[in-house]
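Morning, everyone. Please bring up the model, and we will walk through its strands and helices.

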Amino acid sequence: METKALRNSKIAGIGHYVPEKVVTNFDLEKIMDTTDAWIQERTGIKERRYFEEGKDTTANMGAKAAVKALEMAGLKPQDVDMIIFATLSPDYTFPGSGVLLQRELGLNNIPALDVRNQCSGFVYALSVGDQFIKTGMYNNVLVVGSEIHSSGLDFSTRGRAVSVIFGDGAGAAVLTPANNQETGILSTHLHAQGEFAEELAVIDPGSIKKERLTHQMIDEGSIYPYMNGSTVFKHAVQRFPEVINEALEANGYKPGDIDMLIPHQANLRITSFIQQKMGLPEDKVYSNIQRYGNTTAASVPIALSEAYSEGKIKKGDLVCLAAFGSGFTWASALIRW
């Protein structure tokens, strides 16, 4: 019996959306004990975007990014066979934002899958979409990363080390079958190490306590993100090069073959370390954390969309996506554009 060859998927369209409200480091100086110099020195961030209540939602920001991606792909929303939605900040506790995005786009009956892998969420979601196209089950898969962080941050001095980092935004990609197995997504690589789960987490409200939300949780700040910064940094600078090299070696390439590396925008110091470790020139590693902060699952697609729109990614380029974050989880994807 003849085995049918698996198809490669390609990114046929990419798009992003960020809220209009710009929040600078100087704005944060007015509400907590921090400074522009402190934030820039430790993170590289100058400003970020915050959603506007009543206007922006995790789902509708994702929809705006998706519409741009679909336009680039030459497709209509009705052509989408499946939605994969990556976020750690869904509009509701349940249902997930995937079905809300489906509603925003006016679609019916197609599957909507939610992915909860935080900063690695988009690359994980891309890998899932890639498998559905490889096997021939679906032809047009919409992959979205969208986040609203600003409504869940501790803007007191207690929470400043984390709250200055995060911003809101959305990015989307449309996956379709590639014409051959030499182009499109060449491979994806996913990893996790749960022993460090509590080193970067929001613990409450959770289902393991009889009362999911109490005044004590609010007063103690366990409803806000906690990050052990030194531990996260130590693991990130190890795992990023590992997973990038894993993707390169799986496809017979070396770091010098990369035309554009799009890392998760976690911290400019981490990105600079990756660039030096991989021996890549600055113009082959894309950074936009200065303008948007860390948008977790949205950061890779926003950066990919911007890099493409700025002409920094061209047909035939070798593009590597990489992410590391809460879980700990980390992932990469190697793409022949």
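Start with helix 8, residues 229-250. Helix 8 lies across strand 8, strand 11, strand 12 and strand 13. Its direction is about 150° to strand 12. Keep in mind that this is a predicted model.

In what order do its four strands come? The order is 8-13-12-11. The sheet is open, and the pairing is mixed. Strand 8 (184-192) and strand 11 (260-263) each have a single partner strand, so one side of each has no neighbour in the sheet. On average, neighbouring strands here are turned by 10° against each other, direction ignored.

Look at one pair. Strand 8 runs antiparallel to strand 13, residues 329-336, with eight bridges between them. Find His189: opposite this residue, in strand 13, stands Ser332.

Helix 5, residues 121-134, lies across strand 8, strand 12 (318-325) and strand 13. Helix 5 runs at about 130° to strand 8.

Next, strand 6, residues 141-147. How many of its residues are buried? Seven of seven. Both faces are covered. On one side sit Val141, Val143, Gly145 and Glu147. On the other sit Leu142, Val144 and Ser146.

What pairs with strand 6? Strand 4, residues 82-86, runs parallel to strand 6, joined by five bridges. There, Ile83 stands opposite Leu142. Strand 7, residues 169-177, pairs with strand 6 in the antiparallel sense, over seven bridges. Val144 has Ala172 of strand 7 as its bridge partner.

Definitions and conventions: Residues are numbered from 1 along each chain as its sequence is written. This is a predicted model: local features need pLDDT of at least 70, side-chain atom pairs count only at pLDDT 80 or more; totals for chains, interfaces and linings use all residues. Side-chain values use heavy atoms; hydrogens and water are left out. Two strands pair if DSSP finds at least two bridges between them. Helices (H or I, at least four residues) and strands (E, at least two) are DSSP runs, numbered from the N terminus. Axes are lines fitted to C-alpha atoms, for helices over the stretch in contact, and angles run from 0 to 180 degrees between N-to-C directions. Contact means heavy atoms within 4.5 Å. Buried means under 20% relative accessible area, exposed over 50%, partly exposed in between (1.4 Å probe, protein chains only).
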